[in-house]
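The following questions and answers examine the fold and packing of one protein chain. Please consult the sequence and the structure as each answer is read.

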Amino acid sequence: MISIHRIARLMAEGILSYSAGQGPASPGDKDPERLEIVAYGLEIALGAVVEVLAIIGVAQCLGILPETAAALITQVLYRFGAGGAHCTAYYRCLLSSVGALTLVGWGGRQLAQTLPVTGVFSLVFLAFLVSLPAVWRWAPADTPANPITNPRRRILLKSSALAFLGAWLLFMLVEANRVRPSLLYASALAVMLQTLTITPVGYRLMALVDQGLRQLLPLEGRR
């Protein structure tokens with residue numbers, strides 16, 4: 001199976017070789033620590049690109065690309081500060097993200113077709129009122145693989161999550177008449193889903209999802 005970790009390492013070796021003026025035939029920079037840092041950054045970037053392309057591809061096939069894109073953008077911006085639970089292996093994270101965001105996109109489309117336009121305001125306010133105390137209490141929610149031990153970083157991330165919620169609410173209210181209702185519904189659902197992932201209940205649910213996907217896709221280790 002294609003390994004993102006292996007591809008990232010080869011790319012890092014090539015980048016460090018050229019930066020050192022050694023040429024493409026060189027095995028890369030001789031400093032193993034520097035190589036690991038560059039390879040890890042490339043691995044994260046490649047993994048994110050693959051995940052976004054997979055989400056967009058599935059959403060396009062299902063005909064819900066605009067709503068799924070709105071949910072994806074909302075979740076990425078919110079998760080940056082809030083953190084949250086995720087699966088313990090990359091490919092399970094990929095599957096769970098594709099499934100969750102396409103479901104949210106589909107839900108946004110269905111709500112827009114079922115509820116009146118004014119119903120979006122109720123969902124937006126509900127999402128905000130539920131998320132605000134959750135962020136105040138649990139954000140930023142870390143994981144064993146990425147613990148947040150620096151108090152200053154914790155304050156910065158919590159402030160970022162709170163600022164996002166305030167900016168998101170303002171945007172939803174100001175732009176409501178100019179944005180397709182299905183996109184607003186999808187964005188509100190994405191906020192609620194992301195809020196769930198920072199709560200203890202969300203961590204338990206993600207553990208169940210992780211365990212279930214492990215039975216279907218028993219791949220461990222790095223990406």
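Q: In what order do the elements of the protein chain run from the N terminus on?
A: The model discussed here is a predicted one. Its protein chain has eight helices and zero strands. Read from the N terminus on, the elements run α-α-α-α-α-α-α-α.

Q: What percentage of the residues of the protein chain count as buried?
A: A residue is taken as buried when its relative accessible area is under 20%. The protein chain has 223 residues, and the share that counts as buried is 39%.

Q: What share of the contacts with a separation of 6 or more comes from residues 24 or more positions apart?
A: Contact here requires heavy atoms within 4.5 Å. Among contacts in the protein chain with a separation of 6 or more, residues 24 or more positions apart account for 79%.

Q: Are H5 and H6 roughly parallel or roughly antiparallel?
A: The axes of H5 and H6 come within 10 Å and cross at roughly 170°. Angles over 145 degrees count as roughly antiparallel. The contact involves, among others, Phe-121, Phe-125 and Phe-128 of H5 and Leu-162, Leu-169 and Met-172 of H6. The crossing angle therefore makes the arrangement of H5 and H6 roughly antiparallel.

Q: Which residues are joined by a cis peptide bond?
A: Most peptide bonds are trans. In the loop between H5 and H6 lies Pro-140. With omega at about -5°, the cis bond joins Pro-140 to Ala-139.

Q: Within what arc do the buried residues of H8 fall, seen down its axis?
A: Helix H8 (residues 200-216) spans 25 Å from first to last C-alpha, close to the expected 24 Å. Its buried residues are Gly-202, Met-206, Asp-210 and Leu-213. An α-helix has 3.6 residues a turn, so residues three or four places apart point the same way. The buried residues of H8 line one face of the helix because they fall within an arc of 75°.

Q: Which helices do the buried residues of H8 pack against?
A: The face of H8 turned away from its buried side carries the exposed residues Arg-204, Leu-208 and Gln-215. The buried residues of H8, in turn, pack against helix H4 (90-114) and helix H7 (181-197).

Q: How far apart in space are Gly-47 and Ile-4, C-alpha to C-alpha?
A: Gly-47 is found in helix H2 (residues 32-62). At 1% relative accessibility, Gly-47 counts as buried. Although 43 residues separate Gly-47 from Ile-4 in sequence, their C-alpha atoms are separated in space by 6.9 Å.

Q: Is Ile-64 buried or exposed?
A: Ile-64 lies in the loop between H2 and H3. Beyond its neighbours within four places in sequence, Ile-64 is in contact with Ala-59, Thr-102, Gly-105, Trp-106 and Arg-109. Its relative accessibility is 4%, so Ile-64 counts as buried.

Notes. Residues are numbered from 1 along each chain as its sequence is written. This is a predicted model: local features need pLDDT of at least 70, side-chain atom pairs count only at pLDDT 80 or more; totals for chains, interfaces and linings use all residues. Side-chain values use heavy atoms; hydrogens and water are left out. Helices (H or I, at least four residues) and strands (E, at least two) are DSSP runs, numbered from the N terminus. The expected span of a helix is 1.5 Å times one less than its number of residues. Buried means under 20% relative accessible area, exposed over 50%, partly exposed in between (1.4 Å probe, protein chains only). The arc is that of the directions from the helix axis to the C-beta atoms. Axes are lines fitted to C-alpha atoms, for helices over the stretch in contact, and angles run from 0 to 180 degrees between N-to-C directions. Angles under 35 degrees count as roughly parallel, over 145 as roughly antiparallel, 65 to 115 as roughly perpendicular and the rest as oblique.
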